[in-house]
Amino acid sequence: MIWEDLNENLIMPDLKAGSSDEVFQQLGGLLVSEGYCKSSYVQALIEREKDFPTGINMGNIGIAIPHTDKEHVIKGAVAIGVLKEPVHFYQMGTNDENVEAKLIFMLAVKDPKEHLVFLQRILMVLQDQEVLKQLIETKNKQEIINIIKEKEEQL
């Protein structure tokens, strides 16, 4: 389970950002300050997003799953941000389809083999519209962790 080590310090249930770069600075900054990523991580996210967009429309709710190369990561983690107002990302695989992301799942992946596993597990949990709705509505960090873990246990 990728969620078993979710850290409350890496969850921002009331994230205020006006752009994807601000999301990267705030949420990526948490991964750096908590010792999961190197100081180069935030800039690497910004650069990677230009070439490899990470937005995904999941029904009525936009999400983004930003991540970058392993050399910027010290140890694996997932940071979660729930945006007060959606932020513009581009659809994964395109540079012209907009996604207004409300939920951010930022990955710090140390082992490249785990990268696809992380993405698959996250997407399995996030395909449930009810889970997405609950994540957006709660402002409690521990509740966010509980919602995700409960859903993964059902899979």
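Helices (H or I, at least four residues) and strands (E, at least two) are DSSP runs, numbered from the N terminus, and in these terms K102 has its place in strand β5. The model described here is a predicted one, in which local features need pLDDT of at least 70 and side-chain atom pairs count only at pLDDT 80 or more, while totals for chains, interfaces and linings use all residues. Residues are numbered from 1 along each chain as its sequence is written, and side-chain values use heavy atoms, with hydrogens and water left out.

**The sheet**

- An open sheet is formed by 5 strands in the order β1-β4-β5-β3-β2, with mixed pairing, where two strands pair if DSSP finds at least two bridges between them.
- The edge strands of this sheet are β1 (11-15) and β2 (55-58), each of which pairs on one side only.
- Neighbouring strands of the sheet are turned against each other by 25 degrees on average, direction ignored.
- Strand β1 pairs with strand β4 (residues 77-90) in the parallel sense over 3 bridges, and M12 stands opposite G81 in β4.
- The pairing of β2 with β3 is antiparallel and runs over 4 bridges, with G62 in β3 as the bridge partner of N57.
- The hairpin of β2 and β3 has 2 residues between the strands, and in this hairpin G59 takes a positive phi near 70 degrees.
- Strands β3 and β5 run parallel and are joined by 3 bridges, and the bridge partner of G62 in β5 is A101.

**Two faces of β3**

- In a regular strand the side chains alternate between the two faces of the sheet.
- In β3, I61 and I63 point one way while G62 and A64 point the other way, and all are buried; buried means under 20% relative accessible area, exposed over 50% and partly exposed in between, with a 1.4 Å probe and protein chains only.

- K102 is buried, with a relative accessible area of 19%.
- Although K102 and I63 are 39 residues apart in sequence, their C-alpha atoms are 5.8 Å apart in space.
- Not counting residues up to four places away in sequence, K102 touches I61, G62, G81, V82, L83, K84, E85, P86 and I136, where contact means heavy atoms within 4.5 Å.
- A polar atom of the side chain of K102 lies 2.8 Å from the backbone oxygen of K84.

**Helices α1 and α2**

- The buried residues of helix α2 (residues 41-51) are Y41, V42, A44, L45, I46 and E49, and what covers them includes α1 (20-33), β2, β4 and β5.
- Q25 lies in helix α1 and counts as partly exposed at 45% relative accessibility.
- Leaving out residues up to four places away in sequence, Q25 touches V42 and I46; Q25 and V42 are 17 residues apart in sequence and 6.0 Å apart in space, C-alpha to C-alpha.

- Two packed helices are described by the angle between their axes and the distance between the axes.
- Helix α3 (residues 112-126) and helix α5 (residues 141-154) pack at an angle of about 95 degrees, with their axes 9 Å apart; axes are lines fitted to C-alpha atoms, for helices over the stretch in contact, and angles run from 0 to 180 degrees between N-to-C directions.
- Helices α3 and α5 are therefore roughly perpendicular to each other, since angles under 35 degrees count as roughly parallel, over 145 as roughly antiparallel, 65 to 115 as roughly perpendicular and the rest as oblique.
- In this packing, R121, M124 and V125 of α3 meet I148, K151 and E152 of α5.
- Helix α4 (residues 129-137) packs with α5 at an angle of about 170 degrees, the axes being 9 Å apart, and that makes α4 roughly antiparallel to α5.
- V131, Q134 and L135 of α4 meet I144, I147, I148 and K151 of α5.

**The segment before β1**

- N7 has its place in the segment before β1 and is buried, with a relative accessible area of 18%.
- Leaving aside neighbours within four places in sequence, N7 is in contact with E34 and Y36.
- A polar atom of the side chain of N7 lies 2.7 Å from the backbone nitrogen of N9.

Key: A polar contact is a pair of N or O atoms within 3.5 Å; within protein, one must be able to donate a hydrogen and the other to accept it, and residues adjacent in sequence count only if both atoms are side-chain atoms.
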